[in-house]
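This report covers helix packing, the chain interface and the pockets of the structure shown here.

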Amino acid sequence: MTVLGKLSEKLRTVTTERRSGGAAPVQPVRDNEQEVALQHEEDEALVARTRRGDSTAFDVLVQRYKERLYATVYHMTSNHEDANDLVQDAFIKAYKSINSFKGQSSFYTWIYRIAVNRTINHLKRRKNRNHFSLDDIDSNIQADPDFVELMSHVTPRREAGLTELQAKLNEALQKLSEPHRAVVVMHDVQGMTHADIARVMKCSEGTVRSRLFYARQQLQGLLSDYL
Amino acid sequence: MMECSKIQSRFDDLAENRLPETVRSEIQRHLAECTDCRVAQHRGLRLQRLIAVKRHEQPGGNYFESFLDDFHRRLATELAPRPGLVERVCQRLHIQHVPVMRYGFAQAMGVAVAVAMICRGLIATDWIANRGSEDRAFLESPHTVLARAVPSPHSTPRTIASLLPPTSEIPPAGSALIIPVPAHAVSGTPRYVLDHISVTPASYEVASIHF
């Protein structure tokens, strides 16, 4: 390697360290006991550790919320690849701006807000270009009381099968406006309370109720065959 | 009595027991009387059950197990410095030793600009030296040129006449006469030539000029 090449390499290393705030690349060596202890720490403590440069603490936060975030984003986009990208982006954004997190809301609300806002922006950009990439339905569905109850009122249409029902549900959801879809997903799929949704979407509980009401009215029209 | 739409917007709260007792009893009283709201409540519950089926859509394989590794990979890429324009061009053209090229290109650009400036200077000097006497007037100050081309306010009629075209070229009475003024002198000060001529302006009839 030439002298200039070596210099350039050095410059690259310094720039990386500076951009990451000097915290990211260093992974402290931990034993199992410490990792288990981290798993039980509160979000606030993990955020504080991340701020001090302990990226393993952030890993625990990622592990804690990845499934819930993924589910929300997936149900909003009806696309596995988009959901994967958006959730990863949300965690990266959160990691990079962890110092700007004031702690006025919980970490969960904050990361949720990042993910939902990114998803809404993404959906607005790709308006009218819906491409479904649906996840599989797990086998536990047969034991779900809601599903059993739903299937107890069998009509010829409903016998069409789960795959068609899944496609219809996703199609109907994609016809809602982005804020309405977000509210329906968070409440009816994720089971979040009105208050939590209001905090995530930075609006009043009244607005959440109103959005839910109008979204459900629209969905009842779109899914009338199954009701 | 609450309106039907207001009642229907509180069905979630009613189902989750989040209403004060007075509101709760009022809604239940309304539901007992209003068939539309009862139907809406029933359909709403069925719709919620239907949407809840989506909970069973799960990514296959070991997606969540590899999630953290993917995150680390993406984070590392995100934190790595982005390649500059020159680097990207070099990468696209498959040119090796990009870092060296980066500095080499900057130096080469600097040298090229310096050489271009020096050449421009040399060419300009030669060009001036080789110009003919006519063109040298171009370098004279606008005042000198104007003094030569345009009569001063104190010029005698004879002087002015010497500036006019030969008699044969003088147009007949009634037509316009234009005193020739060099084009390059127009841009100098004073801007309006006629302001400094005490005689009748050139655009007037020739017949009005008396020598």
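In this predicted model, the axes of H9(A) and H11(A) cross at roughly 95° and come within 9 Å. Axes are lines fitted to C-alpha atoms, for helices over the stretch in contact, with angles running from 0 to 180 degrees between N-to-C directions. Helices (H or I, at least four residues) are DSSP runs numbered from the N terminus. H9(A) is therefore roughly perpendicular to H11(A), a term for angles of 65 to 115 degrees.

On the H9(A) side, the contact (heavy atoms within 4.5 Å) is made by Pro179(A), His180(A), Val183(A), Val184(A), His187(A) and Asp188(A). H11(A) contributes Val208(A), Arg211(A), Leu212(A), Tyr214(A), Ala215(A), Arg216(A) and Leu219(A). By class, the residues of this contact are eight nonpolar, two polar and three charged. Here Ala, Val, Leu, Ile, Met, Phe, Trp, Tyr, Cys and Pro count as nonpolar, Asp, Glu, Lys and Arg as charged, and the others, Gly among them, as polar.

H11(A) also meets chain B, through H4(B). Their axes come within 10 Å and cross at roughly 80°, so these two helices are roughly perpendicular to each other. Arg216(A), Leu219(A) and Gln220(A) face Ala40(B), Arg43(B), Gly44(B), Leu47(B), Gln48(B) and Ile51(B) in this contact, which divides into four nonpolar, three polar and two charged residues.

Between the chains as a whole, 66 residues of chain A are in contact with 44 residues of chain B. Together the chains bury about 5300 Å², 62% of it on carbon and sulfur atoms; buried area is the accessible area (1.4 Å probe) that two parts lose on being put together, summed over both. Gln88(A), Ile92(A) and Leu227(A) supply 11% of the area that chain A buries against chain B, more than any other three residues.

The two pockets below are open sets of points on a 1 Å grid over the protein atoms alone, where a 1.4 Å probe fits, with protein on both sides within 12 Å along at least five of seven lines; lining residues have an atom within 4 Å of a point. A volume is the space filled by probe spheres set on the points, which are joined across faces, edges and corners.

| Pocket | Volume | Lining by class |
|---|---|---|
| Largest pocket | about 290 Å³ | seven nonpolar, seven polar, four charged residues |
| Second largest pocket | about 240 Å³ | four nonpolar, three polar, six charged residues |

Of the 18 residues lining the largest pocket, Arg216(A), Gln8(B), Phe11(B), Ala40(B) and Gly44(B) lie nearest its centre. For the second largest pocket, H4(B) gives the largest share of the lining, four residues.

Residues are numbered from 1 along each chain as its sequence is written, and chains are lettered from A and ligands numbered from 1 in the order written. Local features need pLDDT of at least 70 and side-chain atom pairs count only at pLDDT 80 or more, while totals for chains, interfaces and linings use all residues; side-chain values use heavy atoms, leaving out hydrogens and water.

Terms used
Angles under 35 degrees count as roughly parallel, over 145 as roughly antiparallel, 65 to 115 as roughly perpendicular and the rest as oblique.
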